[in-house]
Amino acid sequence: MPDGEPDDPYYLMKLDIPNFTPSKYGLLSGVLFTSLFSVTVLFSGVMSDNCSRRLLLAFAAMLWSVTSLTTAVSQTFSEVAASRMMLGFFEAFCGPPAYSLIVDYFPPEVRTTANAMYAFGIYVGNALSSMIIVMIGAVGWRWAYAITGFVGIFIGLLVLIIVKDPIRGRFEPRVDVA
């Protein structure tokens, strides 16, 4: 293995799952995930306009976390592929309801700051995701996926308990029609 990479399935999916190559993983995370996410996000926007945003957000978080659990128990490339594709599907249901909730939680004079804080969370989360390498070193790739899955399910449950669906358009000016 190059550069001292451990030759152990504990650390590397490609050694534990038959026919799992870096190029196949690139296909999964690039083309398959992104394609499904890009199409699904359009439908999640429509659903966010017509359904409980709190429920969409909570269940999306829990279901995409389940995809981490299914990845943790995957034995074949096809199983990993299905899990990663479903991750793209469920992650698409995060942004639209979150932005819609921000609009109804915060008045216009602080809404830009609220959106900036949400974006900050996204980028900090992306940066922290690289810490998975440390976690894999400590517990192995399967447990790293399982732990992140359980944490995500817990967070989804917290969203169900804490977040409320505010009145839609609560800060919009009222127009009386005669």
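The model is predicted: local features need pLDDT of at least 70, side-chain atom pairs count only at pLDDT 80 or more, and totals for chains, interfaces and linings use all residues. Residues are numbered from 1 along each chain as its sequence is written, and side-chain values use heavy atoms, with hydrogens and water left out.

## Overall fold

The protein chain has eight helices and zero strands. Helices (H or I, at least four residues) and strands (E, at least two) are DSSP runs, numbered from the N terminus. Along the sequence the pattern reads α-α-α-α-α-α-α-α. The C-alpha atoms fill a box of roughly 75 × 25 × 25 Å, taken along the principal axes.

The chain has 178 residues, of which 33% count as buried. Buried means under 20% relative accessible area, exposed over 50%, and partly exposed in between (1.4 Å probe, protein chains only). Take the contacts with a separation of 6 or more: residues 24 or more positions apart account for 75% of them. Contact means heavy atoms within 4.5 Å.

## Helices α3 and α4

Two packed helices are described by the angle between their axes and the distance between the axes. Helix α3 spans residues 53-72 and helix α4 residues 77-91. They pack at an angle of about 170 degrees, with their axes 9 Å apart. Axes are lines fitted to C-alpha atoms, for helices over the stretch in contact, and angles run from 0 to 180 degrees between N-to-C directions. α3 and α4 are therefore roughly antiparallel to each other, the word for angles over 145 degrees.

From α3, the contact uses A60, L63, W64, T67, S68, T70 and T71. From α4, it uses S83, R84, M86, L87, F90 and E91. By class, six residues are nonpolar, five polar and two charged. Ala, Val, Leu, Ile, Met, Phe, Trp, Tyr, Cys and Pro count as nonpolar, Asp, Glu, Lys and Arg as charged, and the others, Gly among them, as polar.

T67 lies in helix α3. T67 is buried, with a relative accessible area of 4%. Leaving out residues up to four places away in sequence, T67 touches S83, R84, M86, L87 and F90.

## Aromatic rings

Rings of Phe, Tyr and Trp (its six-membered ring) pair if their centres lie within 6.5 Å; planes under 30 degrees apart count as stacked, over 60 as edge-to-face and the rest as tilted. By this rule there are seven aromatic pairs. Two of them are tabulated here.

| Pair | Type | Centre to centre | Angle between planes |
|---|---|---|---|
| Y99 and Y118 | edge-to-face | 4.9 Å | 80 degrees |
| W141 and Y145 | edge-to-face | 6.1 Å | 85 degrees |

The pair of Y99 and Y118 links distant parts of the chain, 19 residues apart. Y99 is in helix α5 (residues 95-105) and Y118 in helix α6 (residues 108-129). Y99 counts as partly exposed, at 38% relative accessibility.

W141 and Y145 both lie in helix α8 (residues 141-162). They are four residues apart, about one turn of the helix. Both W141 and Y145 are buried.

Ring pairs also link F89, F90 and F93 into a cluster. Elsewhere, the charged end of K24 sits over the ring of F77, 5.0 Å from its centre. That term requires NZ of Lys or CZ of Arg within 6 Å of the ring centre and within 35 degrees of the ring normal.

## A loop residue

Most residues other than glycine have a negative phi. N19 is not a glycine, yet has a positive phi of about 65 degrees. N19 sits in the loop between α1 (13-16) and α2 (22-50). N19 is exposed, with a relative accessible area of 59%.

Key. Parallel < 35°, antiparallel > 145°, perpendicular 65-115°, else oblique.
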